[in-house]
2 protein chains.
Amino acid sequence: MALKIEGSKFLIAGGASLVGSHLVSGLIEKGAAEIVVYDPVLFDVTDSLGDLKNDPRVRLISGDVMKLHQLVTNMEDVDGAVNLAAYMSLGFTQNPWDAIDVNIKGHLNFLESARLNNVGKVIFASSSAVYGFGIGGGILEDTPHNIQENPPGAVAYGSSKIIGEQLCRMYKQKYDLDYFALRFSTVYGENQHHRAANALYIIETYERLVRGEPPLLFGDGSESKDFVYVGDVARGIIMALESNATDDAMNISGGLSISTKELVALITQIVGSEIEPEYIKEDGRIRLKTGVGLHYVNTKAYEVIGWRPEMPLEEGIRRLIRTLA
Amino acid sequence: MALKIEGSKFLIAGGASLVGSHLVSGLIEKGAAEIVVYDPVLFDVTDSLGDLKNDPRVRLISGDVMKLHQLVTNMEDVDGAVNLAAYMSLGFTQNPWDAIDVNIKGHLNFLESARLNNVGKVIFASSSAVYGFGIGGGILEDTPHNIQENPPGAVAYGSSKIIGEQLCRMYKQKYDLDYFALRFSTVYGENQHHRAANALYIIETYERLVRGEPPLLFGDGSESKDFVYVGDVARGIIMALESNATDDAMNISGGLSISTKELVALITQIVGSEIEPEYIKEDGRIRLKTGVGLHYVNTKAYEVIGWRPEMPLEEGIRRLIRTLA
């Protein structure tokens, strides 16, 4: 079903996050009547939500997706619900117990609450991690999940997102609950937090340059990433809510490959620095390797909901950096 | 580490199952001192364990892998532990709540209990479902997970096994807990239960023939399966416990492809019937499709632990059928 944003009520689980803050902002701009930001607020919420939390249409609930009763109560009269609540690869490594609970059982609680409250449509924040790591080239939606030679936390994270998508399919088949699973590539943007292993690289490179230290490049710098601007992601979620289409999964990505070498050069140029990068081998930290030319093809999103990314990487990085300074 | 079976103590979670009963039998034959069969015994345990439950070395605990404290208590002084407790594809479809709990959180409880009790080695019952369904040809251990066009319960089941393997890797990395993940193909054998979608096909074909009804073939009968005899599986688990090797996953399979057409002809011949099969389209039930020539290559198991399957399919099916009659 196609939702109308204007005058409607939304619940965003994990809504105090990077994507959540931009989504709240986008929903308000489009005239949403009420937005329940459902988040345990384990992190400093002012980092991401800022002034949005003072908006009378925004209701901040210290909510846990593991509490079915709490989700059910707070989803009352909700027209559309978005589940952004998740642990990522690093979280799976540090605390697999809570990561499993939140990403899988929490998502099942989310779907059950949506069903019980007759929510019109739900959006599930899936991830390009469903394809695994260590791969390169252009990735289409039917690419299988590569589980080879990746850190266990990262593989478990990707699998948790596959299960999340399948639970959506199951709720569609059993209860006709409309949904979209959106597979985000590496999301970056203003108010970026320090919990995402991939996007963190932008911040770390910037911070090293500002301190006068050389940025670090692994291997020969040919590993590549596909960044998507958080504002584009929020717009994709809203377009998926508004679309008549349902029961599908698709890439929401920048669609362009950038090597770490090019990325470091771009950030160095933006900062106005002339420091040369330092090439290093592994530093022992958990790292998600990528192949050459990695990008997630996003033509399906254009065909199905008319979405395409708009923010050029350079401008997006400038915006991110401004919030760090 | 390499375990000595003779004089050692074992715990088998989900031990009242098809594989569990053959494993208990195999461990007793090799002189195990004590075997804790840890199982909720939701099913009629006499079906699978039979007289084994009266053996003084076998201790049957009505145990739930979701109860960490109960697992921890019962794993005291255990030398080797095997986790067979799992919901399969049909269970994931019917009850995703309990399936997620048992397959993922339950397995984490199992590993944590093994760590806390300094268990020497654990074996995780993984599955060829980690490669997905709908695929054909020879499948090696590095084949990625195909998630396309399969029932959500089946995909979720396969992903739960991938997560299970990764949790093993995590416990090896963090706590040096030795493990093997064994990816079973379609297990069949004496005391076969009716809960496994794939192996059930043998039973159904047999039962139709006995009733004088034609066996059913989907499509053109070219879909293929790879059956592994439960006695071979139990022997594989014991050899993995005894092996010095660790931290690896491998196929435990028949290694041979049989088309459903050939399978039906074989069972018809064993029964001594002359009824011709009936070719049908889908019957609306959840079914796990397979491609042509599907088989899981098992040379790695031979290289790493010296295991290879021994039971010819015809003889194995005869044994299964004798327990049905």
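This report walks through a predicted two-chain model, from the fold of chain A to the contact with chain B.

## About the model

Local features here need pLDDT of at least 70 and side-chain atom pairs count only at pLDDT 80 or more, while totals for chains, interfaces and linings use all residues. Residues are numbered from 1 along each chain as its sequence is written, with chains lettered from A and ligands numbered from 1 in the order in which they are written.

## Chain A as a whole

Let's start with the overall build. Chain A holds eleven helices and 15 strands; these are DSSP runs numbered from the N terminus, with helices being H or I of at least four residues and strands E of at least two. Its radius of gyration, taken over C-alpha atoms, is 19 Å, close to the 20 Å that the globule rule gives for 325 residues, so chain A is as compact as a globular protein of that length. That rule is 2.2 Å times the number of residues to the power 0.38. Along the principal axes, the C-alpha atoms of chain A fill a box of roughly 55 × 40 × 40 Å.

Of the 325 residues in chain A, 54% are buried (20 or more other C-beta atoms within 10 Å of the residue's own, with C-beta atoms placed from the backbone). Among contacts in chain A between residues at least 6 apart in sequence, 82% join residues at least 24 apart; a contact needs C-beta atoms, placed from the backbone, within 7 Å.

## A closer look at helix H7 of chain A

Helix H7 (residues 200-210) of chain A has the buried residues A:Tyr201, A:Ile202, A:Thr205, A:Tyr206, A:Arg208 and A:Leu209. They sit on the same side of H7(A), because they cover an arc of only 165 degrees around the axis, judged by the directions from the helix axis to the C-beta atoms. Their cover includes strand S8 (186-188), helix H9 (260-271) and helix H11 (313-324) of chain A. Just after H7(A), A:Gly212 takes a positive phi of about 80 degrees.

## How the two chains meet

The contact takes 26 residues from each of chain B and chain A. On the side of chain B that touches chain A, helix H5 (96-116) and helix H6 (152-175) of chain B are the elements that give two or more residues, and H6(B) gives the most, with 13 residues.

A rotation of 180 degrees with 0.0 Å of shift along its axis superposes chain B on chain A, with an RMSD of 0.0 Å (least squares on the C-alpha atoms of residues with pLDDT of at least 70 in both). That is the relation of a two-fold axis. Within chain B, B:His145 comes closest to the rotation axis, at 2.4 Å (C-alpha). The copies meet through the same surface, because 100% of the interface residues of chain B are also interface residues in chain A.

Technical notes. A residue is buried if 20 or more other C-beta atoms lie within 10 Å of its own, exposed if 12 or fewer, and partly exposed in between; C-beta atoms are placed from the backbone.
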